[in-house]
Amino acid sequence: MIRNLKLAAISRTASGSVVKARKICYTAARRQEHLPNSSSPITPKLEFFNSVTGSSEKQIPTYRVLDGVGKPIDGAELPEIDEALARKLYETMQLLPTLDNVLYNVQRQGKISFYMTAHGEEATIVGSAAALAMDDEVLGQYREMGVLLWRGFSLENVMNQCFGNELDTSGKGRQMPVHFGSPQHHFHTISSPLATQIPQAAGVAYALRRTPSRRSRSIAACFFGEGAASEGDFHAGLLLASTIPSPALFIARNNGFAISTPSTEQFYGDGIASRGPGYGIDTIRVDGNDVLAVISAVREARRRCLEQGRAVLLEAMTYRVGHHSTSDDSFAYRARSEVEDRKRIDNPIARFRLFMESQGWWNADEETELKARLKANVMKAFKKAEGLKRCEIGELFTDVYGGEQPWNIKEQREELAGLLKKYGETWEPWRTELAKFKNKGQDLLGR
Amino acid sequence: MLTTTFPASTRAARRALSFSRRWNSTSAEPPPPGGHLPSIATSKVLRTTRETALRTPGIVWTDEDASGPSREIVGGRETRKMNTYQAVRDAMSIALSKDDNAVVFGEDVAFGGVFRCTMGLAEEFGRERVFNTPLTEQGIAGFGIGLALMGHTAIAEIQFADYIFPAFDQLVNEAAKIRYRSGGTYNVGGLTIRTPTMSVGHGGLYHSQSPEGFFMGASGLKVVIPRSPIQAKGLLLGSIRDPNPVIFMEPKVLYRSAVEQVPIDDYELPLGKAETLVHGSDLTLLTWGTPVYHCETALHMLASPGPSLEAHIPKSLRSAKIELIDLRSILPWDVETITESVSRTGRLVIVHEAGMTAGVGAEISAEVQRRCFLKLDAPVKRVTGWDTPVALQYEKFHIPDAIRIVDALVETLTY
């Protein structure tokens with residue numbers, strides 16, 4: 001606006017006549033039919049605009065290819081998928097609830113401190129993972145373990161992180177359970193603050209664009225929930241990846257709830273998808289319980305990211321079947337029957353199983369075998385991880401800085417060592433705890 | 001957010017000039033109309049000859065390999081007269097030319113920046129490497145973190161330190177903790193956030209702040225504040241190449257007023273190290289950034305107070321030997337240099353522009369009293385901004401200027 005005012009002032013001074021200046025402006029406006037900082041057409045009609053709540057028919061449609069019983073819907077084009085891919089999809093989708101059930105119960109027994117299931121969102125997560133390249137950089141929120149599993153992150157790795165034991169490659173036992181990370185799998189370490197990964201994804205994508213070996217080949221895929229999309233960082237991230245062209249694919253998991261807050265209290269507009277066009281980015285809404293629709297949509301979104309070098313937004317509509325986390329009892333704010341209905345009517349795994357069966361790729365015997373095998377594998381990894389010690393206690397003080405550790409951290413490490421020497425055997429809470437660490441604190445006590 | 005380009009501080013230069021006349025004169029002259037003001041332009045702290053510039057303590061020539069000749073041999077090296085913004089620009093130009101993965105971005109950096117620190121860089125290195133971002137500080141920090149996560153060198157600018165708070169979450173919860181939380185598998189060592197800081201004479205609430213204290217508790221970050229062009233270039237290159245995220249705060253009043261002969265070669269100055277500018281044995285005066293010059297002025301005033309101040313400064317104190325230290329790095333700070341000095345002098349005065357409560361001075365005094373308890377002859381004194389916002393028309397009475405520093409020196413020496 002200031003720029004416009006300046007121009008008007010200049011033309012006024014130059015012409016020496018306000019009338020003449022107006023004439024020039026009028027002619028310019030007529031010729032361009034829009035204002036200098038916009039390509040908006042000029043209209044004499046006083047009309048307010050609301051593409052979202054103005055009319056319900058104007059809501060962004062939801063893309064789907066399989067109906068509730070796994071049959072292709074009229075006019076739907078299935079993504080290219082062979083039996084091997086379908087089986088991997090199905091097995092990974094089934095692995096998620098297997099893991100979730102075990103780890104959820106393990107938390108209930110107090111063996112791990114925290115857990116978050118992905119019940120109901122298996123198709124969104126595994127379908128997205130399948131449509132991405134294995135080395136696309138993934139920045140997640142916390143409900144995206146399925147991407148890691150798809151990429152070969154082992155069950156041992158999952159368990160070691162949740163137990164925070166000495167083999168935890170995600171973070172040496174420093175972060176809460178489900179905060180996974182693995183550079184080898186191009187999966188950036190999860191952190192609890194919501195939406196912070198969204199502008200980071202724009203930066204990661206820009207770096208990919210500037211790396212000759214990955215330019216036009218790799219994208220950054222960023223997952224977040226519809227609640228996180230209310231954070232300022234959502235705005236920043238989409239704005240940046242569209243304005244500073246960066247191949248970032250933003251995948252919103254709209255599962256209806258942010259802890260107890262229903263999405264109706266999260267936004268008044270048409271979900272998350274309606275915001276994409278405001279940032280000038282290609283957007284699609286997809287049935288997140290239809291794994292084939294997710295695959296098609298993510299494949300096409302990824303292609304556009306690479307072709308345009310810019311952000312793309314995908315909103316996957318799902319339902320959070322499980323509680324928010326092990327610290328949450330969701331029946332305090334929603335009816336048990338509502339959840340049971342959703343589980344029965346629209347289960348993403350069951351839907352895909354029906355499709356598999358219709359193709360002759362799956363049967364009841366295989367189902368029994370798979371479930372038994374997955375359960376056995378999960379239990380084996382669980383037992384292995386449960387028996388392991390934590391890292392050496394000195395790891396409390398490492399990795400704060402790269403290069404030389406500052407004096408204050410060195411001194412505080414020494415201070416803890418002194419206290420352990422003094423009280424490590426006599427102060428019961430410490431004695432019990434030290435026994436859980438590798439070498440029982442000798443790395444501090446010995447030096 | 002409001003962004004203002006401050007015109008050349010000609011007023012400051014004029015003041016400085018009249019001030020220098022005053023101090024170089026042998027005849028008794030009345031103090032200048034503005035009172036005793038800092039003499040940035042004529043400061044002895046500034047290295048205005050090639051010889052002194054090339055002998056800057058701690059300088060490391062990065063084009064020399066470790067097994068090469070001693071860095072005391074400076075033959076063949078050139079210097080150029082630069083003010084602080086030119087030195088900052090020079091550092092970024094070197095970083096961009098030596099590292100293809102380095103990019104510079106922020107609000108209005110493409111045309112040269114509101115303080116001219118990025119002048120010509122977009123033309124020289126292209127808009128893919130030097131570019132504007134939308135006006136979003138949390139976005140700028142997050143974007144920089146993303147670049148650094150991929151091993152790239154991200155040199156981001158926050159237009160004023162007053163506007164760094166929207167990025168506080170990204171800096172404190174993310175940048176500072178990424179290496180730790182990932183068990184060392186990811187890091188954002190390539191991230192440097194530059195931001196103009198401290199008062200400028202007329203910046204009011206939101207163009208004057210010194211937020212270094214808020215970041216002092218963010219272990220995982222480094223916080224660096226230079227005092228001059230040579231320091232700005234060397235410390236900025238050191239910050240850009242440090243394997244940790246660094247917040248680099250540039251005292252904005254020094255952009256044009258502080259001028260030195262700056263070595264044109266690539267060199268670094270060490271992070272985490274204070275520098276003793278004046279050696280002394282009676283009191284340690286510790287500061288950083290702009291107040292370095294107020295402290296220097298205060299030392300002159302203590303040694304030879306004008307007629308108007310004579311009554312306030314006992315004759316016995318005029319020969320006091322004050323040790324002046326520039327802290328340079330706020331996090332981690334150089335505890336060794338400070339405690340060694342205070343153990344010798346027995347007295348400590350800390351000067352900073354930020355408010356007193358929970359400021360950087362609080363942390364340092366607590367640590368010094370713990371380590372030097374038996375050596376202290378007087379309480380540690382802090383001369384700081386008041387615990388109020390920086391009110392526009394009241395700035396002269398807000399900042400810790402030379403008279404307040406002199407008063408603190410007298411009080412502490414006579415305790």
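Visitor: Which residues do ring pairs link into a cluster with A:Tyr206?

Guide: This is a predicted model, in which local features need pLDDT of at least 70, side-chain atom pairs count only at pLDDT 80 or more, and totals for chains, interfaces and linings use all residues. Residues are numbered from 1 along each chain as its sequence is written, chains are lettered from A and ligands numbered from 1 in the order in which they are written, and side-chain values use heavy atoms, with hydrogens and water left out. Rings of Phe, Tyr and Trp (its six-membered ring) pair if their centres lie within 6.5 Å, and such pairs link A:Tyr206 with B:Phe105, B:Phe131 and B:Phe143.

Visitor: Are the rings of A:Phe234 and A:Tyr279 stacked or edge-to-face?

Guide: Planes under 30 degrees apart count as stacked, over 60 as edge-to-face and the rest as tilted. The centres of A:Phe234 and A:Tyr279 are 6.3 Å apart and their planes stand at 75°, so the pair is edge-to-face.

Visitor: Is A:Phe234 buried or exposed?

Guide: Buried means under 20% relative accessible area, exposed over 50%, and partly exposed in between (1.4 Å probe, protein chains only). Because its relative accessibility is 2%, A:Phe234 counts as buried.

Visitor: Why is the pair of A:Phe257 and A:Tyr333 tilted?

Guide: Of these two residues, A:Phe257 is buried at a relative accessible area of 12%, whereas A:Tyr333 is partly exposed at 24%. Their ring centres lie 6.0 Å apart, and the pair is tilted because the planes are at 45°.
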